[in-house]
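Let's take a walk through this model together, moving from a surface patch to the aromatic rings.

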Amino acid sequence: KVNDRCEFPSELNMLPYTKEGIAPSNGSPNKPDGYYNYSLQGVLVHTGTADSGHYYSLAKKRKPDIGGIDKVDTSKSNETSAADESSWFCFNDSSVIPFDPSTLPEASFGGTKSTEKFDHPTQRMQRTETPKVYSAYMLIYERNHIEFLDDADSNGENSPSDSVQGKTQERKAEDNRNPATDVNGGKSNSELLPCHSSKTLHHVYSDLRQDSRDAIAPRIYSKVWEENKRFLQDQIFFSPEYSNWLFNLARVLSDMLI
């Protein structure tokens, strides 16, 4: 495990790393600035060594749902509401305590920390720099601006997901005939999503029940399947239980032959 200091921003702009940012066609991107800007929402911290350790999370409180499930309490002052929405918490097993985001560099950037210990030759306390064993393992960012695309765009053209949606039309038609399986309650995606827009930026995340093979390219699906199969084989062949079973079987067969 590398304990060197590694800093990361609370606000991340990905435009310089996109096709539009590297080689803009019309001088400026055709998407709003929020599309490329991300805000830090959580940090997964690992403390320990490469051989052993412990994970805990630092997470920002989610903003109230615009759809109305968690309404904002209008009786609160603007200052209190803003502070409440920007509050962070530390999730460490069963312990959940408030976390001060201003201490994020000290809590997750890694590097060294100053400590004092008694030096016997000089009979004095000496200040030394020791590596921090806790640092960020994974960062969670959230895009600041998301706009959804309905089943067909505003120009009436087919959306890029039509190839996937076409494979699930029969399943959707069957679900519509059976109210028990209609998870949307007969409502369209635009009615379910308060942030819905007709701009063609993102497709609505709907019908998650569809067969994964319909949404994944065959080449990628086969590659993932083969990697998972090899992983399971390694888990079985190199497990102590399986090795002991093979050893006992070989010993029994050897005794029978003798």
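A patch here is made of residues with over 30% relative accessible area and no salt bridge, and nonpolar side chains are joined into one within 5 Å. Keep in mind that the model is a predicted one. On its surface, Trp245, Leu246, Leu249, Val252, Leu253 and Met256 make up a nonpolar patch, and together they have about 600 Å² of accessible area. Met256 belongs to helix α9, which covers residues 240-257. Its relative accessible area is 64%, and since exposed means over 50%, methionine 256 counts as exposed.

Now for the aromatic rings, where the count comes to four pairs.

Back in helix α9, tyrosine 242 and tryptophan 245 are three residues apart, so about one helical turn separates them. Their ring centres lie 6.0 Å apart with the planes at 20°, and the pair is therefore stacked. Tyrosine 242 is partly exposed, with a relative accessible area of 28%.

Finally, have a look at tyrosine 35. The charged end of lysine 31 sits over its ring, 5.2 Å from the centre. Arginine 143 also lies over the face of tyrosine 35, at 4.0 Å from the ring centre.

How values were computed. Residues are numbered from 1 along each chain as its sequence is written. This is a predicted model: local features need pLDDT of at least 70, side-chain atom pairs count only at pLDDT 80 or more; totals for chains, interfaces and linings use all residues. Side-chain values use heavy atoms; hydrogens and water are left out. Patches are made of residues with over 30% relative accessible area and no salt bridge: like charges are joined within 9 Å, nonpolar side chains (Val, Leu, Ile, Met, Phe, Trp, Tyr) within 5 Å. Accessible areas come from the Shrake-Rupley method with a 1.4 Å probe; for residues, only the protein chains shown count as cover. A salt bridge is a side-chain nitrogen of Lys or Arg within 4 Å of a carboxyl oxygen of Asp or Glu. Helices (H or I, at least four residues) and strands (E, at least two) are DSSP runs, numbered from the N terminus. Buried means under 20% relative accessible area, exposed over 50%, partly exposed in between (1.4 Å probe, protein chains only). Rings of Phe, Tyr and Trp (its six-membered ring) pair if their centres lie within 6.5 Å; planes under 30 degrees apart count as stacked, over 60 as edge-to-face and the rest as tilted. A charge sits over a ring if NZ of Lys or CZ of Arg is within 6 Å of the ring centre and within 35 degrees of the ring normal.
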